[in-house]
Amino acid sequence: MRHRLASFPCLIFCLVLTTGCWDRVELSDRAFDLAASTDLMEDGSYLTGGQFIIPSRISGGAANGGQPYFIETGNGKSLLEAIQKTRQKLSRNITRSHRRNYYIGESMAKHGINELLDGFSRDPGNRIRLDIWVVKGGQGMDALKVHYPLEKIPSVAPVKIHRAIGGTTATSYLDFMMASSSEGSSPTLPVVDIVQGDSPQKTIRFYGRAIFNHDYKLVGYLNFVEGAYRQWMLQRISYLDLAEELPEAGGKVGVIVNQFGCKIKSRITGTNKVKMEIELTGSGYVAENNTKLNLISNKNLKLVQKEINKKTSEHVLAMITKVQKEYRADVLGFNQVMNRQHPGEWKRLKGQWDTVFPEIEVAVHVNLNLKYVGLVRQPLQYKESEIIK
Amino acid sequence: MTAPISESLEENEELLRGTFRNCYDIVFRRIQGPKNFLLVYMDGLADAKALDNMLLQILGPANSSNSGELMEHGSSGEMLEQQLASFVKTTLAETMDDVVHGILSAQVIILSDYTNHAIIADLKGFEQRGIEEPSNEITIRGPREGFTENVNVNTSMVRRKIMSAKLKMESMTVGSLSKTTVVIAYLEGIAKESVVEEVRKRIRQIQIDTVLGGNFIEEFIEDHPFTLFPQVQNTERPDIVASYLAERKVAVLIDGSPFALIVPCTLWSAFQSADDYYERFIYATLIRWLRMVLIIGSLFLPSIYVAITTFHPELLPANFLLSITSAREGVPFPAVIEALLMEFLFEGLREAGIRMPRPTGSAISIVGALVIGQAAVEAGIVSAPMVIVVSITGIASLITPRYSMGVAFRMLRFPMLIFSGMFGLYGITMASLFLHIHLTNLESFGVPYLSPISPLSRQDLKDVLIRAPRWSMNTIPLSGSKRNKWRIPKGQRPGDQGDEIL
């Protein structure tokens with residue numbers, strides 16, 4: 001008994017020694033940054049900024065004055081030095097565990113972001129579910145400074161916008177790393193830009209997708225719709241609205257798509273010649289009908305469906321061609337299709353994929369199924385006689 | 001004083017007066033006649049009314065000839081005893097020792113001339129509490145009777161629940177001064193013989209002066225004295241005793257205590273309430289789950305709060321964390337100190353609530369609610385989330401239907417808090433590991449404390465994590481043997497019989 005009583009404190013003492021678990025930091029000794037930015041200055045140094053929370057201003061609303069956050073910056077030859085400069089101004093430990101946004105200025109993105117990524121992957125406090133945003137036509141700091149009226153902490157806004165328009169959030173850092181480490185593919189990042197809204201202050205806007213090359217340098221952008229088509233091909237989208245002009249019916253038809261599917265078939269047609277057949281499927285419903293067609297009749301609905309499928313196929317093909325010829329970076333997952341469907345050939349092709357990719361022959365078939373037209377059967381603004389049954 | 005009873009009444013009286021000197025409550029009543037009688041009893045313990053009635057019956061005019069004959073003739077006590085037996089329960093005493101014991105246990109002693117026996121007439125009639133609803137174990141649909149301080153009443157209540165000759169009640173006397181009656185109740189052929197024998201042995205070995213409550217016995221017979229977990233269960237309800245007896249357990253009833261002890265006992269009884277069996281089984285199961293979540297929550301909640309906020313804030317969603325951070329802003333203490341302080345205060349309030357005189361109750365609740373709830377938060381000494389955590393914990397720790405089991409969880413909260421304050425979630429994991437090792441080491445009268453979960457016995461699980469329907473609980477728990485396995489016949493599920501009712 002005496003033995004056991006003595007061994008108990010010993011065990012606990014061992015517990016203390018064998019682990020490094022003395023990282024107790026009170027909440028009041030932590031500074032949470034919910035967003036940060038890095039920019040390349042003209043003299044080649046880095047400027048980092050962080051949007052830090054002021055906890056005492058969180059509750060009680062704006063009544064006690066001022067924003068619930070402040071921005072602190074640091075400037076240095078390397079990232080660590082810049083962060084260290086920031087720390088010199090902060091009374092609390094920087095805690096990055098809740099940082100969901102990281103803004104990169106356009107100049108920084110063009111210069112290449114590999115140094116940044118190394119710092120990210122080494123820091124254990126860094127969150128892996130992180131969205132890195134490229135700020136189109138601006139500096140990361142500009143995005144940090146934007147005051148977004150709907151959210152208390154403005155850095156929450158881009159994530160929520162991204163989710164609200166049907167994208168996949170919180171995976172862009174991970175996706176970037178995966179794309180850059182797999183053979184053949186090129187990484188992408190989501191893009192925001194800062195626009196003058198209707199209100200006097202500037203606001204943040206989800207723009208689309210930024211395409212990087214293998215040296216982690218920005219080569220170009222896909223705009224919102226193009227980015228959405230790409231997400232459709234990768235099946236990472238939950239909501240998309242399409243509006244197409246139907247000249248023969250004399251108006252526009254708008255469709256909301258909420259189920260998505262994609263099948264890619266690849267064929268090798270010759271040495272270093274690849275053909276891709278992309279079938280995008282989806283189902284949706286009619287949300288807008290400015291034509292004189294009564295969509296309750298199956299014939300008219302099929303007509304609209306066919307027309308939308310044709311138009312969308314053209315747009316998707318245009319997007320793919322743009323990626324192939326202009327950016328010459330495989331961000332469409334073609335490398336994975338090849339790897340899965342022709343593993344033997346892929347071994348040979350993957351070394352020269354950068355030259356093969358732009359020459360791939362692509363055919364796109366959009367196969368959208370309009371499931372219902374809603375309870376408003378025919379456009380109410382037209383007279384009964386004008387409606388084409 | 002093993003002296004034999006003398007034939008001389010005077011001698012006996014003198015001896016008894018000597019034994020009971022300075023006892024104002026002893027009564028000597030001499031009845032003169034052809035043959036002299038001496039009645040000795042304790043005032044207030046014996047039923048004086050019944051005694052007078054008895055005397056009237058024997059000595060009264062209706063029986064005068066008969067009794068006269070008896071008085072003249074009967075030199076032996078047996079005759080009188082036979083006569084008395086029609087009115088009261090009587091026994092014969094041979095020694096002075098028995099006489100003294102009889103007087104002390106509220107009986108009336110009848111001594112007479114020329115006899116070396118004494119008649120002990122059972123005329124107990126002291127004041128006692130009536131049968132009331134037990135205040136600690138309340139049920140909605142169950143019976144409303146609870147044990148009293150009188151062991152005879154208690155055994156009768158159990159006997160009324162189990163009208164079977166298999167129900168054995170062995171009486172023992174414990175306590176050199178108190179001479180308390182302790183009754184071991186079990187069902188012969190159902191209870192584990194080894195457990196019965198062990199209980200018998202352990203109670204026989206007790207050497208104590210007074211037994212004033214169940215715990216006096218419990219502390220002598222439990223297996224592990226230095227643990228926070230009770231290995232003997234106590235209950236105020238005869239229905240609980242009866243149900244446990246049918247589940248092969250042994251009950252110990254103690255005179256003077258309205259609590260019966262039940263052995264063996266496992267941890268899972270902390271989650272079982274009497275009402276589980278009086279409500280329909282789906283509801284009872286859900287309520288049992290609620291109880292489990294809250295009891296285990298009361299053990300871990302403050303520690304998890306401290307660990308997450310001080311070690312692992314990344315585990316919280318951002319908005320939640322921001323609310324907590326803003327509430328903790330300006331609080332002077334580290335979270336673990338704050339938690340300890342509040343838990344300490346809460347326990348203090350609770351203890352005060354139990355012990356205080358009734359009229360001061362409102363004062364305590366006002367001061368408690370105001371000081372802990374409001375003023376401390378407004379003064380910025382304690383953060384509001386901590387108050388919420390402590391009050392949830394407080395409510396959760398009060399939910400346990402077995403008070404003595406709940407005490408263990410209440411106490412363990414504090415070491416858990418210290419571990420979490422030192423090592424975070426890692427510390428909580430380690431502390432739970434230690435707790436598990438400890439619990440698996442415990443056993444109560446040969447039954448592992450965590451059984452039937454560990455060691456696993458699948459049939460018995462029907463009353464642990466869920467409360468299975470009655471017709472499904474058809475095996476005897478704690479069995480382990482093939483013999484006597486079935487408690488009730490299988491296949492009694494309603495609806496199995498077909499559609500006869502149509």
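Two strands count as paired if DSSP finds at least two bridges between them. Strands (E, at least two residues) and helices (H or I, at least four) are DSSP runs numbered from the N terminus. This is a predicted model, in which local features need pLDDT of at least 70 and side-chain atom pairs count only at pLDDT 80 or more, while totals for chains, interfaces and linings use all residues. Residues are numbered from 1 along each chain as its sequence is written, and chains are lettered from A and ligands numbered from 1 in the order in which they are written.

**Sheet in chain B**
- An open sheet of 5 antiparallel strands in chain B has the order β1-β2-β4-β5-β3.
- β1 (26-31) and β3 (90-93) of chain B are at the edges with a single partner strand each, so one side of each has no neighbour in the sheet.
- Strands β4 (residues 108-112) and β5 (residues 118-121) of chain B are joined by 4 bridges, and I109(B) is opposite I120(B) in β5(B).

**Interface**
- Contact (C-beta atoms, placed from the backbone, within 7 Å) links 21 residues of chain B with 20 residues of chain A.
- On the chain B side, α10 (281-310), α11 (318-328) and α15 (403-441) each supply at least two residues.
- The largest share, 9 residues, comes from α11(B).

**Nonpolar cores**
- A nonpolar core is a set of buried Ala, Val, Leu, Ile, Met, Phe, Trp, Tyr and Cys residues joined through C-beta atoms within 7 Å; buried means 20 or more other C-beta atoms within 10 Å of a residue's own, placed from the backbone.
- The largest core has 87 residues, with I104(A), W133(A), V134(A) and A210(A) having the most contacts inside it.
- A second, separate core of 40 residues includes A185(B), V199(B), I217(B) and A260(B).

Definitions and conventions: Two residues are in contact if their C-beta atoms, placed from the backbone, lie within 7 Å. A residue is buried if 20 or more other C-beta atoms lie within 10 Å of its own, exposed if 12 or fewer, and partly exposed in between; C-beta atoms are placed from the backbone.
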